[in-house]
Amino acid sequence: SNTVLSGMTIKHAGFMAIFVDSQIGDVVVEDCIITECEGLGDGVAVYVGTYATPVLRNCVIWDNTSSYTQGMICCTYASAPKIQNCTIVNNIGKGIDADSESFVEVRNSIVYGNAGGNWTDNPTNSIEYSCIPNAAGEGNITNEPALASYGYRLKAVSPCIDAGDGSNAPVFDIHGERRWDDPAHTNRVSIADMGADEFRDTDGDSLADDWEKGFFGGMGRDGSADMDADGLSDLEEYEYGTNPNRMDTDEDGLSDGAEVHTHRTNPLKMDSDKDGLPAKWEVDYGLNPLLNDAYTDLDGDGLRNRDEYYYGTDPSKTDTDDDGLNDISEVRTHHTNPLASDTDGDGFSDSEEVNELQTNPTDSSDGAEMIEEMRQRLSANWSLIYQSPLVFTNPPGSTKDLNDIRTALSTLSGQFYEAEEE
């Protein structure tokens with residue numbers, strides 16, 4: 001029996017996105033995208049079990065991570081997968097990791113830019129008409145494939161255009177576009193491109209037809225204008241994989257143009273350096289959005305940058321709320337709010353309660369008791385000097401009440417003296 005997995009996008013898988021076992025029969029995986037998955041070992045994207053013979057066709061495997069930089073596609077002992085018109089790029093881990101006794105057939109595919117290597121050079125492997133560095137075989141090229149910077153689409157200048165084996169290529173690409181002979185590339189090998197994406201540009205504006213129609217509803221744009229006024233031309237949007245109708249594709253608060261041209265961050269991800277800190281937050285506070293600086297302490301207050309982000313404090317300021325207590329003492333010692341100068345709202349700042357009054361800055365009742373006691377003492381002392389009584393009319397602990405208390409204290413200041421001993 002046949003098992004077909006088609007047209008799926010798989011993200012954030014934590015072990016193996018797809019596991020192929022020989023006991024489930026013939027397996028075809030086609031027109032699928034596997035991205036942003038993370039795992040500890042081999043086969044983060046596809047694990048091909050012993051004796052399994054799956055066909056992977058028109059699939060994209062990109063931007064995945066293996067903690068030990070092992071294979072995105074793991075081909076185990078005696079497995080014999082066929083990988084046709086797939087794009088396996090920009091992963092942290094080897095592109096194709098094959099057992100020495102596996103039989104891997106790769107055709108019309110792009111396997112490039114994978115940290116940890118692109119493929120395992122076994123004599124039993126057969127690789128043809130593919131873009132893989134240092135791969136021997138008919139029709140292979142080793143040139144940089146010229147893909148969209150943050151994606152898998154071919155640019156108009158890609159050497160992979162019309163460089164595939166037409167007799168082995170699926171009729172349609174991953175977007176449902178028919179393979180065609182690009183007139184700008186003089187039919188290098190056939191009408192088929194390498195990889196999952198067929199670059200079809202009938203109006204010669206360097207924008208893929210399906211991309212142009214999908215975002216603009218037609219073929220009326222030539223790539224030079226900037227539809228969303230984000231600082232990227234339509235052609236740049238295509239080449240960077242961003243949305244030409246949205247100024248901020250990843251909605252991180254930085255425009256696509258600013259990310260590409262100013263900060264050099266990934267306009268498709270809120271956290272380019274994967275340190276848990278959004279790029280916009282890092283830029284706003286003077287951190288490096290391209291460097292994992294989550295565990296450093298910018299302001300030296302004892303809270304690491306990642307903790308400052310978690311608590312919402314300012315990583316460039318030791319005392320975010322200016323209450324006299326530094327941020328780390330608030331969150332670790334006193335358990336007060338580092339964003340509010342008076343955590344319990346009793347009218348006394350956290351610093352006053354901790355350093356002067358020795359009261360609990362998270363308990364408003366002790367402040368209320370102190371205010372009431374202060375009112376009574378002031379009234380008693382007032383009556384010793386003035387005939388008219390001191391009357392407090394505002395709600396206890398309110399701003400006006402505290403101002404009344406300060407005024408009374410100021411008025412009585414200097415009226416009492418300690419008696420000198422004879």
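This is a predicted model: local features need pLDDT of at least 70, side-chain atom pairs count only at pLDDT 80 or more; totals for chains, interfaces and linings use all residues.
User: Start with the sheets. Which strands form the open sheet of 5 strands, and in what order?

Analyst: A general idea first. In a regular strand the side chains alternate between the two faces of the sheet. Here the order is β2-β5-β9-β13-β16, with parallel pairing. The edge strands are β2 (9–11) and β16 (110–112), and each of them pairs on one side only. From one strand to the next, the twist averages 5 degrees.

User: How many bridges join β2 to β5?

Analyst: There are 3 bridges, and the two strands run parallel. For a residue pair to look at, K11 stands opposite T35 in β5.

User: Is T35 buried or exposed?

Analyst: T35 counts as buried because its relative accessibility is 4%, and the cut-off for buried is under 20%. T35 lies in strand β5, which spans residues 33–35. Leaving out residues up to four places away in sequence, T35 touches I10, K11, H12, W62, D63 and N64.

User: What is the strand order in the open sheet of 4 strands?

Analyst: That order is β3-β7-β11-β14, and the pairing is parallel. β3 and β14 stand at the edges with a single partner strand each, so one side of each has no neighbour in the sheet. Neighbouring strands are turned by 10 degrees against each other on average, with direction ignored. Within this sheet, β3 and β7 run parallel and are joined by 3 bridges. V20 has V48 as its bridge partner in β7.

User: Where does β4 pair?

Analyst: Strand β4 (residues 26–30) pairs with strand β1 (residues 2–6) in the parallel sense, over 5 bridges. β4 is also joined to strand β8 (residues 55–57) by 3 bridges, again running parallel. Follow V29 across. L5 stands opposite V29 in β4, and L56 in β8 is the bridge partner of V29.

User: What does I73 touch?

Analyst: Setting aside residues up to four places away in sequence, I73 touches V46, V48, L56, I61, I83, I88, G95, I96 and D97.

User: On to helices. How do I read a packed pair?

Analyst: Two packed helices are described by the angle between their axes and the distance between the axes. Take helix α8 (residues 364–385) and helix α9 (residues 399–412): the angle is about 35 degrees and the axes are 11 Å apart. The crossing of α8 past α9 is left-handed. From α8, the contact uses I371, M374, R375, L378, N381, W382 and I385. From α9, it uses D401, L402, I405, A408, L409, T411 and L412. The residues of this contact divide into 10 nonpolar, 2 polar and 2 charged.

User: Which residues of helix α3 are buried?

Analyst: Keep the helix repeat in mind. An α-helix has 3.6 residues a turn, so residues three or four places apart point the same way. In helix α3 (residues 256–263), the buried residues are D256, G257, A258, E259 and V260. Their cover includes α2 (234–240). R264 follows α3 and has a positive phi, near 60 degrees.

User: Which residues are buried in helix α7?

Analyst: In α7 (residues 350–357), D350, S351 and E353 are buried. What covers them includes α6 (327–334) and α8. Q358 follows α7, with a positive phi near 55 degrees.

User: One last site. Where is A279 placed?

Analyst: A279 is in helix α4 (residues 279–284). A279 counts as buried because its relative accessibility is 1%. Not counting residues up to four places away in sequence, A279 touches D252, L254, T265, M270, D271 and P289. Between A279 and K269 there are 8.5 Å in space, C-alpha to C-alpha, and the two are 10 residues apart in sequence.

How values were computed:
Residues are numbered from 1 along each chain as its sequence is written. Side-chain values use heavy atoms; hydrogens and water are left out. Buried means under 20% relative accessible area, exposed over 50%, partly exposed in between (1.4 Å probe, protein chains only). Contact means heavy atoms within 4.5 Å. Axes are lines fitted to C-alpha atoms, for helices over the stretch in contact, and angles run from 0 to 180 degrees between N-to-C directions. A crossing is left-handed if the near helix is turned anticlockwise from the far one by less than a right angle, and right-handed if clockwise. Ala, Val, Leu, Ile, Met, Phe, Trp, Tyr, Cys and Pro count as nonpolar, Asp, Glu, Lys and Arg as charged, and the others, Gly among them, as polar. Two strands pair if DSSP finds at least two bridges between them.
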